[in-house]
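Me: I have a structure here that is new to me. Could you walk me through it?
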Amino acid sequence: MSKLKLIITFFIFIILNNSSIAQKTLIPFRVKNLWGYSDPKGKMLIPAQFIYEPGWFNEGLAMAADSSGLYGFINEKGDFVIKPQYLEVKDFKNNLCWVKKYNGWALINQLDQEIINTGGDYFSEQGNTLFVKIRKNNKWGITKLNQWIIEPKYDYLGDLNDGIFMAQVDGKY
């Protein structure tokens, strides 16, 4: 084994055996039709109680759905800190999260306070940027955090590429 492989193996061993890291890793598991969380050694930490596969913990919260089929967010104890009320949710990033409500996509914070309600029926995050494409009434626009950068007015809006969106209006690009 080369010295580099040996060093990498050693660091991976140290990281995986570090009790503070191992204690914070919660792994989804399934029993029949319900989901819960265990630690890396298989010890159940949150009993199987969620109807869809829950998300991985991100910023201390994970998406989970209760028997209603709606999504909310749980803490590492398995308690809903954002009650199940959303049709679809994305992971939290920088304390913000996109959620789909009955009236469209909205951006919320970890206190479940709405930052912006786009009313859009479809959205697409643009890589690691803060830009999000939103479709509202069959027209596309762009938001950045809590404001519209471009109101929905395009028939087509391509993905962000080198800082540029390709747009189409009335058949013209």
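Me: Where is N95 found?
Reply: N95 is in the loop between strand 7 and strand 8. Strands here are DSSP runs of E with at least two residues, and helices are runs of H or I with at least four, both numbered from the N terminus.

Me: What about phi of N95?
Reply: Phi of N95 is positive, about 65°, although N95 is not a glycine. N94 lies in that loop too, between strand 7 (88-89) and strand 8, and has a positive phi near 55°, also in a residue other than glycine. N94 is exposed, because its relative accessible area is 61%.

Me: Before I go on, what sort of model is this?
Reply: It is a predicted model: local features need pLDDT of at least 70, side-chain atom pairs count only at pLDDT 80 or more, and totals for chains, interfaces and linings use all residues. Residues are numbered from 1 along each chain as its sequence is written, and side-chain values use heavy atoms, with hydrogens and water left out.

Me: How many helices and strands does the protein have?
Reply: The secondary structure comes to two helices and 16 strands. The protein has 173 residues, and 34% of them count as buried.

Me: Now W98. Where is that one?
Reply: W98 is in strand 8. W98 counts as buried because its relative accessibility is 6%.

Me: What does W98 touch?
Reply: Not counting residues up to four places away in sequence, W98 touches several residues, including V89, W105, L107, F123, V132 and T143. Contact means heavy atoms within 4.5 Å. W98 and I115 are 17 residues apart in sequence, and their C-alpha atoms are 9.8 Å apart in space.

Me: How much space lies in the largest pocket?
Reply: About 280 Å³. The search uses a 1 Å grid over the protein atoms alone: a pocket is an open set of points with protein on both sides within 12 Å along at least five of seven lines, whereas a cavity is a set where a 1.4 Å probe fits but cannot get out. Grid points are joined across faces, edges and corners, and the volume is the space filled by probe spheres set on the points.

Me: Which residues are closest to the centre of the largest pocket?
Reply: K93, W98, E125, T129 and L130, out of the 17 residues that line the largest pocket. A lining residue has an atom within 4 Å of a point.

Me: Which strand gives the most to that lining?
Reply: Strand 8, with three residues. The elements that give two or more residues are strand 8 (96-101) and strand 12.

Me: What is the lining by class?
Reply: The lining has eight nonpolar, five polar and four charged residues. Nonpolar covers Ala, Val, Leu, Ile, Met, Phe, Trp, Tyr, Cys and Pro; charged covers Asp, Glu, Lys and Arg; the others, Gly among them, are polar.

Me: Switching to rings. How many aromatic pairs are there?
Reply: Seven aromatic pairs. Rings of Phe, Tyr and Trp (its six-membered ring) pair if their centres lie within 6.5 Å; planes under 30 degrees apart count as stacked, over 60 as edge-to-face and the rest as tilted. One of the pairs is Y37 with F57, which is tilted, at 5.0 Å centre to centre and 55° between the planes.

Me: Where do Y37 and F57 sit?
Reply: Y37 is in strand 2 (residues 34-38) and F57 is in the loop between strand 3 (44-50) and strand 4 (62-65), 20 residues apart. Y37 is buried, because its relative accessible area is 0%.

Me: What about F131 and F165?
Reply: F131 and F165 form an edge-to-face pair, 6.3 Å centre to centre with 85° between the planes. F131 is in strand 12 (residues 131-136), and F165 is in the loop between strand 15 (156-157) and strand 16 (167-168), 34 residues apart. F131 is partly exposed, because its relative accessible area is 24%, whereas F165 counts as buried at 18% relative accessibility.

Notes. Buried means under 20% relative accessible area, exposed over 50%, partly exposed in between (1.4 Å probe, protein chains only).
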